[in-house]
Amino acid sequence: MFPVSRKNSVALFMCALTLTGCSGGSAEYIERAAVSGTVTFDGKPLPEGSIQFVPDVDEAGKPVRGKLAQALIKDGTYSLSAAEGPAVGNNKVLVNATRKTGKFQESDGQKTEIMQQYVPARYNTQSTLKYEVKAGENTADFTLEAK
C-alpha cells in the first residue's frame, strides 16, 4: 500500500463525491418514448438496415437531452419500446443500409466481402430527416428515394 497524505485523501474524497453526484439520480431523468414504423426505399420496404434517433434541438435552439436510440429494420419495419426508445422531443433520424458489392478484401488471411452503403447520405451521414417524439406511443414512417 502507498502512503496518502491528508491533502491527497481530501482531494480523493472530493473527487469521489463529485463522481457520485454524476451518477444520474432523478434530476437526470430523460423521458423516452416508444416508436415504431416503416421505412421504404424507392417504393419498396427496406429489406434490412438500421434507424437511429439522435436528440436534436428544441424550438428555442437548445439541445434536447438524451441518448441515441437505434433499432434494426427488417422487411421495412422497426420498433423501439419506451425503455429503449428515443428522448421525447425533436430528433434527427439516420437510416443506414448496406449491400454486397461482389468485391472482396483480404485481412489477416481472411477474405471478406466489401459492403456498400446504398441509402443516400441525405438520410444518414448528412441526414435531413427529423421526427418529433411525443410522450407515449409514436408511429414514424419514412419514405426514402434514391434520387
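## Aromatic pairs

How many aromatic pairs does the count come to? In this predicted model, the count comes to 4 aromatic pairs. A pair of aromatic rings is described by the distance of the centres and the angle of the planes.

One of the pairs joins Phe-41 and Tyr-118, whose ring centres are 5.6 Å apart. Their planes meet at 75°, and because an angle over 60 degrees counts as edge-to-face, this pair is edge-to-face. Phe-41 belongs to strand S1 (residues 34-41), whereas Tyr-118 is in the loop between strand S8 (110-117) and strand S9 (129-133). The pair therefore ties together parts that are 77 residues apart in sequence. Phe-41 has a relative accessible area of 13% and is therefore buried; Tyr-118, with 15%, is buried as well.

The rings of Phe-53 and Tyr-78 form a tilted pair, because their planes are at 45°; the ring centres are 6.2 Å apart. Phe-53 lies in strand S3 (residues 48-55) and Tyr-78 in strand S5 (residues 77-80), so this pair ties together parts that are 25 residues apart in sequence. Both Phe-53 and Tyr-78 are buried.

## Ring cluster and nonpolar core

Phe-53 and Tyr-78 also belong to a cluster, in which ring pairs link them with Tyr-131 and Phe-142.

The largest nonpolar core has 23 residues. Tyr-78 and Phe-142 are among the residues with the most contacts inside this core, together with Leu-46, Ile-51, Val-95 and Leu-144. Two or more residues of the core come from each of S1, S3, strand S4 (69-74), S5, S6, S9 and strand S11 (142-144). Leaving aside neighbours within four places in sequence, the contacts of Tyr-78 include Val-39, Ile-51, Phe-53, Leu-72, Ile-73 and Phe-142.

Asn-90 is located in strand S6 (residues 89-96). Its relative accessible area is 19%, and because buried means under 20%, Asn-90 is buried. A polar atom of the Asn-90 side chain lies 2.9 Å from the backbone oxygen of Val-57.

Not counting residues up to four places away in sequence, Asn-90 touches Val-54, Pro-55, Asp-56, Val-57, Asp-58, Glu-59, Val-64, Tyr-131 and Glu-132. Tyr-131, one of these residues, is also a member of the ring cluster with Phe-53, Tyr-78 and Phe-142.

Definitions and conventions: Residues numbered from 1 in each chain as written. Predicted model: local features only at pLDDT ≥ 70, side-chain atom pairs only at ≥ 80, totals over all residues. Heavy atoms only, no water. Helix = DSSP H or I, 4+ residues; strand = E, 2+ residues; numbered from the N terminus. Buried < 20%, exposed > 50% of the residue type's maximum accessible area, 1.4 Å probe, protein only. Polar contact = N/O pair within 3.5 Å; in protein donor to acceptor, adjacent residues only side chain to side chain. Contact = heavy atoms within 4.5 Å. Phe/Tyr/Trp six-rings, centres within 6.5 Å; stacked < 30°, edge-to-face > 60°. Core = buried A, V, L, I, M, F, W, Y, C linked by side-chain atoms within 4.5 Å.
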